[in-house]
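Please look through the model below before reading on, and keep it in view while the text leads you from one part to another.

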Amino acid sequence: MSVTSTVCFKVSATLAAAGIGALIIASGALAQATSSRMKGMQLSNDQPIQIESDKLEIKDPESKAIFTGNVKVVQGTTTLQAGNMTVFYKATEGATITSGNADIDRIEVSNKVFLSSGAQQATGDTGLVNLTNQTIVLKGEKVVLSEGKNVFVGCQLNVQMDTGEAQLEACGGRVQIQLDPQSRKQN
């Protein structure tokens with residue numbers, strides 16, 4: 001007999017992608033569905049994106065840009081940090097990453113992924129932002145989402161960016177949730 005432990009949440013803000021560095025997040029889960037009004041991490045199309053890394057390799061023939069070593073992406077109040085980030089863009093005539101007119105297909109991050117926006121933070125080993133499907137997946141041995149003293153722990157976080165709904169999976173174990181009763185009074 002197989003038992004899957006999953007908890008569902010709805011993130012109030014929709015995640016949007018902008019320029020080269022769109023990125024991640026939102027919520028958690030248990031054996032039954034749960035909803036949450038946690039403020040989602042949000043990127044805005046009207047704010048500039050700053051990206052830093054030890055190395056950047058642009059491979060236009062392969063339609064990708066590879067950032068390695070201490071990658072840090074900042075847009076507004078949202079920050080993403082990881083060891084590596086690869087941006088895959090759609091192969092369109094005349095579109096290049098350096099010209100700024102390339103449409104991003106997906107972004108892969110790995111090696112200690114950390115994402116924060118406002119009071120929300122998430123960590124994992126790897127992440128995938130699929131802009132075509134409007135999904136985010138954060139995976140790891142221990143994926144942690146927190147907002148203040150509220151903490152959600154699992155192994156895979158799945159977010160549907162257009163609705164803000166998210167699901168945290170336990171991957172054979174159990175999802176763990178720690179809720180601070182004081183946080184409800186502040187919302």
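**Salt bridges and their surroundings**

Glu 108 and Arg 106 are joined by a salt bridge, in which the closest N and O atoms are 3.4 Å apart; the term stands for a side-chain nitrogen of Lys or Arg within 4 Å of a carboxyl oxygen of Asp or Glu. Side chains of opposite charge can pair when their charged atoms come close. Glu 108 is partly exposed, with a relative accessibility of 34%, and Arg 106 is also partly exposed, with a relative accessible area of 25%. Here buried means under 20% relative accessible area, exposed means over 50%, and partly exposed lies in between, as found with a 1.4 Å probe and protein chains only. A network of salt bridges links Asp 105, Arg 106 and Glu 108.

Before going further, note that this is a predicted model, in which local features need pLDDT of at least 70 and side-chain atom pairs count only at pLDDT 80 or more, while totals for chains, interfaces and linings use all residues. Residues are numbered from 1 along each chain as its sequence is written, and side-chain values use heavy atoms, with hydrogens and water left out. The predictor's confidence in each residue, from 0 to 100, is called pLDDT; its mean for the protein chain is 75, and 70% of the residues reach 70 or more. Over residues 1-43, however, pLDDT stays under 50, and for this stretch the model has 165 contacts beyond four places in sequence, a contact being heavy atoms within 4.5 Å.

The structure holds four salt bridges. In one of them the side chains of Lys 59 and Glu 57 meet, at 3.6 Å from N to O; Lys 59 is partly exposed at 24% relative accessibility, and Glu 57 is partly exposed at 32%. Another salt bridge connects Glu 62 with Lys 64, whose closest N and O atoms are 3.4 Å apart. Glu 62 counts as partly exposed at 46% relative accessibility, whereas Lys 64 is buried, with a relative accessible area of 17%.

Turning to the fold, the protein chain has one helix and 11 strands, where helices (H or I, at least four residues) and strands (E, at least two) are DSSP runs numbered from the N terminus. Along the sequence these follow the pattern β-β-β-β-β-β-β-β-β-β-β-α. Of the contacts with a separation of 6 or more, 54% are between residues 24 or more positions apart, and buried residues make up 45% of the 187 residues in the chain.

Which residues touch the most other members of the largest nonpolar core? Among its 28 residues they are Leu 80, Met 85, Ile 107, Val 109 and Leu 157; such a core is a set of buried Ala, Val, Leu, Ile, Met, Phe, Trp, Tyr and Cys residues joined through side-chain atoms within 4.5 Å. The elements giving two or more residues to this core include strand 4 (64-75), strand 6 (104-117) and strand 9 (150-160), and strand 6 provides the largest share, five residues.

Two residues deserve a look for their backbone angles. Asn 111, which lies in strand 6, has a positive phi of about 70° although it is not a glycine, and this residue is partly exposed, with a relative accessible area of 45%. Cys 171, placed in the loop between strand 10 and strand 11 (176-178), is not a glycine either, yet has a positive phi of about 55°; Cys 171 counts as exposed, at 52% relative accessibility.
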